[in-house]
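Please keep the sequence and the structure in view while reading.

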Amino acid sequence: MAIQWFPGHMNKAKKQVADRLKGIDVVIEMLDARLPASSANPMLAGMTSKKKALKILNKQDLADPTRTRVWIDYYNGLNDTRAIGLDAGDKSPAQRLISACREIAPHRSGLDKPLRVLICGIPNVGKSTLINSLLGRRAAKVGNEPGITKGEQRIDLADDFILYDTPGMLWPKILVEQGGYNLAASGAVGRNALDEEEVTLELLKYLIVNYPADVEARYKLDGVAEMLDDQLLEAIGRRRGAMLGGGRVNFQKTAEIVLTDFRDGTIGRITLETPEEWKDWLTEARRLDAERQSARDLAKAERAAAVKKRRG
Ligand code: G4P
């Protein structure tokens, strides 16, 4: 799936984050609990490897609670890292955030040594919503198109706890193909950048194996586990009356229905990846990348040899 990112914006954000990182004690990365690894920003991982980290698995109200636990345990097992699940319904996000950060950076407290925290996240992960809730008013803009620029903010959550909002946009970077599909299914990718039918077929492929009962209940279908993704899309289209003339299913409309149902949690609480799956996808992506690189190297060597031969 071709998703067009903007390297210029990415580099600008990288520089802004790098400048801001000086003097930061804890870096909070907000992740989408339905796709924690896919919604992480790999550039950030490289820049913040020496910092203490808090991973917020946000939108946990939409994610599979068993899998959220698995992901939290996974992150808690990493060096200098803590993870918490969160969603916009949480009544005291500030308290949860402050205590998790204090746990990993106990050396910073008191007015002379305030804990300085930077919060980051790719668009659509719910950062503005959380910041608005921390501020207690609608200061940061909350929009439904990913990529709306927001200015940097400083929020004093306590006398000795300062939260900085990341300047600029931290776009996700597609490392593995499945990660791209998961980001697209979650709504983190602008509509123009993706083929909704293709994204939906990938989503259904995963749901057939991992959440067949939820799909059956939502669309009043039987035998979902035995269907192929395109058969399921067709069955959903018929069930929901998304038809063209001549008894043909309107696949585009059906894809939109499924994506909307997934995004607002109507199909159920679903998580699209586990730490093990992500590890396998990453290994495969790196293998393919190495293969492509060797093919490029070989072609380059052949071209050089041909030039040498021509020159005698
Ligand atoms: P961002 O700053 O990281 O880009 O994300 P933002 O807060 O704008 O949130 C993106 C969308 O996700 C918004 O929905 C927001 O309401 C929703 N959202 C944020 N946190 C949560 C959460 O914990 N659970 C759920 N279920 N949704 C959450 P929207 O439809 O794009 O906008 P709106 O209709 O809410 O204004």
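The model is predicted. It holds 20 salt bridges and 4 aromatic pairs, while the count of disulfides is 0.

**Salt bridges: a network**

- Side chains of opposite charge can pair when their charged atoms come close.
- D19 and K22 form a salt bridge, and their closest N and O atoms are 3.7 Å apart.
- D19 is partly exposed, because its relative accessibility of 39% falls between the limits of 20% and 50%.
- K22, in contrast, has a relative accessible area of 61% and is therefore exposed, the limit being over 50%.
- K15 joins D19 and K22 in a network of salt bridges.

**Salt bridges between separate parts of the chain**

- A salt bridge connects the side chains of D80 and K52, with 3.4 Å from N to O.
- D80 belongs to the loop between helix 3 (65-76) and strand 3 (81-85), whereas K52 belongs to strand 2 (residues 52-58), so this pair ties together parts that are 28 residues apart in sequence.
- Both partners count as partly exposed: D80 has a relative accessibility of 44%, and K52 has one of 21%.
- Another salt bridge brings together the side chains of R240 and D261, at 3.6 Å from N to O.
- This pair links distant parts of the chain, since R240 is in helix 9 (residues 229-240) and D261 is in helix 10 (residues 251-263), 21 residues apart.
- The two partners are classed as follows: R240 is partly exposed at 38% relative accessibility, and D261 is buried with a relative accessible area of 7%.

**Aromatic pairs**

- A pair of aromatic rings is described by the distance of the centres and the angle of the planes.
- Among the 4 aromatic pairs, W71 and Y74 form one that is edge-to-face, with 5.6 Å centre to centre and 85° between the planes.
- Both W71 and Y74 lie in helix 3, where they are 3 residues apart, or about one turn of the helix.
- W71 is buried, because its relative accessible area of 1% is under 20%.
- Y74 is partly exposed, with a relative accessible area of 38%.
- W278 and W281 also form an edge-to-face aromatic pair, with 6.3 Å centre to centre and 75° between the planes.
- W278 and W281 are separated by about one helical turn, because they are 3 residues apart in helix 11 (residues 275-310).
- Both W278 and W281 are buried.
- Ring pairs also join W71, Y74 and Y75 into a cluster.

**A charge over a ring**

- The charged end of R20 sits over the ring of Y164, at 4.1 Å from the centre of that ring.

**Cysteines**

- C101 is buried, because its relative accessibility of 0% is under the limit of 20%.
- C120 is likewise buried, with a relative accessible area of 0%.

Terms used
Residues numbered from 1 in each chain as written. Predicted model: local features only at pLDDT ≥ 70, side-chain atom pairs only at ≥ 80, totals over all residues. Heavy atoms only, no water. Disulfide = S-S within 2.5 Å. Buried < 20%, exposed > 50% of the residue type's maximum accessible area, 1.4 Å probe, protein only. Salt bridge = Lys/Arg side-chain N within 4 Å of Asp/Glu carboxyl O. Helix = DSSP H or I, 4+ residues; strand = E, 2+ residues; numbered from the N terminus. Phe/Tyr/Trp six-rings, centres within 6.5 Å; stacked < 30°, edge-to-face > 60°. Lys NZ or Arg CZ within 6 Å of the ring centre and 35° of its normal.
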